[in-house]
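Hi,

Here is the structure I promised to pass on.

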Amino acid sequence: MALQYTRGFMRFIPHITGKAIARSMMHSTVSIPNMSIDQWTEAFKEQTIDVARMDVDNVSYEESANRLRSLIKTGLLRHTDLLHCPERFFLAHRLLAQHSPSLGPGFWIRFTVHYNLCAGTVLGLGNDEQIASLDQMQENGELGCFSLTEKFAGVNSGMIVNTVAEWDGATEEFVLNSPHKGAHKNWISQGLVADKTVVVADLRMNGKSFGPHAFLTDLRKKGELVPGVTLGDMGPKTVGNDLDNAWIAFEELRVPRSALLNRYADIVKGDSGEHEYVQKIDNMPVFHMIGQRLFTGRVAVAQAALEFRRELFRTTKKYTDEKLCWSPRGEGSVPLSDIPQLRQLYTEAEDVCGQVENFVKACEEDLCATLRSNSVPSVKLVEAIAVAKVKAVEEAITYTHQLKNEVGSYALMKQTGFGQTDFLQCCKFAEGDSRILMQKMARDRMKVFSASPEASATGCDPRWDRETQLCHALQGAMQDDISSARALNKHDAWDLRWEEVYQLADAVMERIINEYMSGRN
């Protein structure tokens with residue numbers, strides 16, 4: 001079965017015979033926007049059967065990319081669904097993540113780079129005309145990538161980029177350049193095949209820097225690189241080699257003024273007739289809005305990690321339920337699942353990860369409401385999403401590793417899914433490295449503590465909550481390190497006390513989860 005999209009109306013067009021047509025008949029008169037969640041889920045599953053069956057060890061990244069092109073052209077998930085039907089956006093990510101123990105991270109990353117990072121940034125920062133261009137991009141099956149990270153800059157650097165977009169007033173164009181190798185865009189997923197890219201570059205005008213801004217530009221036309229773009233392959237990886245990762249360099253790449261995603265800032269002609277930079281909303285720097293895609297991405301990554309863990313546990317438990325072992329009690333054979341440590345692991349993992357899933361679901365629901373209203377997430381929601389990303393990934397890694405240690409040689413077999421556990425490694429550093437997020441949580445908490453009366457207390461009061469006690473202990477330990485010359489300054493002392501820093505972050509995350517879930521069913 002295939003889907004066909006026509007402007008203003010989307011419907012199913014069966015193109016193959018047999019059982020697939022019979023299954024599709026129940027949907028044949030239902031337009032995609034009017035589908036129930038169950039109908040849409042079944043349609044999406046059918047359209048990704050060929051993806052689920054990919055042999056990722058032998059499929060080329062070009063073929064993988066073509067499968068995404070076909071999926072995009074069905075119109076099942078519109079680029080604009082991130083705003084108008086965000087539940088489908090997150091559901092699509094979860095459905096694809098269910099295949100990750102067999103497929104690894106490649107296709108899932110390809111999918112989220114296109115829909116969240118590329119199209120999502122256009123939705124968040126673009127004007128009406130730029131957003132409308134996403135429809136044509138979808139009908140053509142064009143792929144997008146997101147050119148943010150550089151060899152010496154990226155998300156962890158605080159959105160500092162070295163790629164330059166210099167305004168040329170004479171031609172009313174921006175000229176993109178990578179001034180040195182450190183400014184080359186690095187690890188750009190889908191960069192070897194993408195037709196378009198959102199480039200994050202330092203906008204400069206008349207010698208003045210206005211910071212990171214996003215530009216939507218062609219990377220290829222009719223399959224050929226546009227002049228001014230050079231790129232190369234990052235090389236083989238441990239997993240996900242069905243996904244292309246590129247380095248990209250720009251040299252005198254000229255793009256029109258309309259390439260600037262200008263909802264929040266623009267280059268306009270002033271009263272004098274000269275071009276000038278205008279920030280459209282006070283106290284709303286563009287780089288803050290570029291970071292908005294991190295929030296949707298973090299929820300999607302959290303859910304993907306949990307889906308990987310769930311599916312790996314499901315298939316492994318099916319095996320251990322059927323694998324019979326000798327019993328020393330003379331009771332005959334017993335299932336491997338009944339071994340005490342494995343039985344306990346299954347129970348504990350379901351309990352702990354189930355609680356995390358509920359928390360992530362709450363974050364998704366609140367973020368969906370924010371997306372639908374096209375508003376900025378609250379500080380409380382932003383903090384919760386960061387915690388959701390860290391906790392989901394770390395719990396998935398912890399329990400997956402424990403499971404591997406308990407099932408012996410089964411974990412070595414190729415088709416079990418354990419060979420794709422680096423999917424979780426990708427989740428760990430995607431959309432903000434987990435350690436970096438935890439560092440920020442601890443720093444923010446210490447900043448609050450330093451302004452509180454407790455910071456000047458000579459001793460730790462046992463009546464204080466755990467966070468306050470940890471802050472007081474960390475502050476004292478850092479002061480001792482500096483006074484004893486074990487550390488030169490606060491930065492050195494902070495690094496020296498990294499274990500205490502992460503203990504504080506753990507306490508912060510526990511509090512945020514408890515407060516966020518308080519009162520929810």
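Isoleucine 188 sits opposite alanine 246 of strand 12. Pairing of strands here takes at least two bridges found between them by DSSP, and strands (E, at least two residues) and helices (H or I, at least four residues) are DSSP runs numbered from the N terminus. Before you go further: this is a predicted model, where local features need pLDDT of at least 70 and side-chain atom pairs count only at pLDDT 80 or more, while totals for chains, interfaces and linings use all residues. Residues are numbered from 1 along each chain as its sequence is written, and side-chain values use heavy atoms, with hydrogens and water left out.

Strand 6 pairs with strand 12 (residues 245-250) over three bridges, and serine 189 has asparagine 245 as its bridge partner in strand 12. In general, strands of a sheet pair through backbone hydrogen bonds, parallel or antiparallel.

Why is strand 12 largely enclosed by the rest of the structure? Five of its six residues are buried, so the rest of the structure largely encloses it. Buried means under 20% relative accessible area, exposed means over 50%, and partly exposed is in between (1.4 Å probe, protein chains only).

**A parallel pair**

Strand 3 (residues 144-147) runs parallel to strand 7 (residues 196-205), and four bridges join them. Glycine 144 has lysine 196 as its bridge partner in strand 7. From strand 3, Gly144 and Phe146 point one way, Cys145 and Ser147 point the other way, and all are buried.

**Helices that pack**

Helix 8 (residues 106-125) and helix 9 (residues 128-140) have axes 8 Å apart and pack at an angle of about 145 degrees. Axes are lines fitted to C-alpha atoms, for helices over the stretch in contact, and angles run from 0 to 180 degrees between N-to-C directions. The contact (heavy atoms within 4.5 Å) includes His114, Tyr115 and Cys118 of helix 8 and Gln130, Ile131 and Leu134 of helix 9.

Helix 12 (residues 340-372) and helix 18 (residues 498-517) cross at roughly 65 degrees, and their axes come within 11 Å. Here Asn358, Phe359, Ala362, Cys363 and Asp366 of helix 12 meet Ile513, Tyr516 and Met517 of helix 18.

Then there is helix 14 (residues 422-429), where Phe423, Leu424, Cys426, Cys427 and Lys428 are buried. Their cover includes helix 7 (100-103), helix 8, helix 11 (292-322), helix 13 (379-406) and helix 15 (434-450). Glutamate 431, which follows helix 14, has a positive phi, near 55 degrees.

**The core**

Which residues touch the most other members of the largest nonpolar core? They are Trp40, Phe44, Trp108, Phe111 and Phe174, out of 152 residues. A nonpolar core is a set of buried Ala, Val, Leu, Ile, Met, Phe, Trp, Tyr and Cys residues joined through side-chain atoms within 4.5 Å. Helix 12 gives this core its largest share, 13 residues. Leaving out residues up to four places away in sequence, tryptophan 40 touches Ile32, Met35, Leu76, Leu77, Arg88, Leu91, Ala92 and Leu95.

Cheers
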